[in-house]
Amino acid sequence: MENNSFGGAKIALLCGDSLLTYRRDDKTGIPWPGCWDLPGGGREGDETPLQCVQRETFEEFGLRIAARQVNWQQRYDGILAGYPPTWFMVGEITQAQIAAIRFGDEGQCWQMMVIDRFIDHPQGISHLQQRLAAYLRR
């Protein structure tokens, strides 16, 4: 995976027909308040996209994601003009990992959401919904 300049990374972690989601805090000053989101976030230092998603998933859910659990990844242009590119990944998690989740201090709640429900959810983050749907169509 190339390690050019990028702003962050997100991952759709699948288990059967569901994926790991969380509801963002509902407060002003953050992007997409109250929306359903996926693990991941902004890059720190010179970390790679994989390291970024691994760190964020650990901070947000207490989960350590191994590189072998990531099945697919793609770099996308920034969602708004002037924004840095981001990475979107898809991986698998186990029932044991789900049982071990320790939700962090960002967000209101988490859930394993049926994939189609996330893709169609009116409070989902649209570019993540579109990226996951495009992955599933490929």
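## Exercises on salt bridges, burial and fold

R55 and E59 both sit in helix α1, four residues apart, which is about one turn of the helix; helices (H or I, at least four residues) and strands (E, at least two) are DSSP runs numbered from the N terminus. The model is predicted, so that local features need pLDDT of at least 70 and side-chain atom pairs count only at pLDDT 80 or more, while totals for chains, interfaces and linings use all residues. Residues are numbered from 1 along each chain as its sequence is written, and side-chain values use heavy atoms, with hydrogens and water left out.

**Exercise 1.** Work out which residues are linked with R55 in a network of salt bridges, and state whether R55 is buried or exposed.

*Solution.* Begin with the criterion: a salt bridge is a side-chain nitrogen of Lys or Arg within 4 Å of a carboxyl oxygen of Asp or Glu. R55 meets this criterion with E59, where the closest N and O atoms are 3.3 Å apart.

Next, take E44, whose side chain also forms a salt bridge with R55 (3.3 Å, N to O). This pair links distant parts of the chain, since E44 is in the loop between β4 (40-42) and α1 (49-61) while R55 is in helix α1, eleven residues away.

The network of salt bridges as a whole links E44, E47, R55, E56 and E59.

For burial, the classes are buried under 20% relative accessible area, exposed over 50%, and partly exposed in between (1.4 Å probe, protein chains only). R55 has a relative accessible area of 16% and is therefore buried, whereas E59 is partly exposed at 40% and E44 is partly exposed at 44%.

**Exercise 2.** Find the residue with which R24 forms a salt bridge, and explain which parts of the chain the pair ties together.

*Solution.* A search of the whole structure finds six salt bridges. One of the salt bridges joins R24 to D37, with the closest N and O atoms 2.9 Å apart. Because R24 lies in the loop between β2 (18-23) and β3 (36-37) and D37 lies in strand β3, the pair ties together parts that are 13 residues apart in sequence. Both partners, R24 and D37, are buried.

**Exercise 3.** Describe the surroundings of T57 and of Q97, using polar contacts and other contacts.

*Solution.* T57 belongs to helix α1, and its relative accessible area of 0% makes T57 buried. A polar atom of the T57 side chain lies 2.8 Å from the backbone oxygen of V53. When residues up to four places away in sequence are not counted, T57 touches I11, L13, P39, G62, L63 and I65, where contact means heavy atoms within 4.5 Å.

Q97 is placed in helix α2 (residues 95-99) and counts as buried at 15% relative accessibility. The side chain of Q97 makes a polar contact with the side chain of Q69 at 2.8 Å; a polar contact is a pair of N or O atoms within 3.5 Å, of which, within protein, one must be able to donate a hydrogen and the other to accept it, and residues adjacent in sequence count only if both atoms are side-chain atoms. With residues up to four places away again left aside, Q97 touches L63, R64, I65, Q69 and E92.
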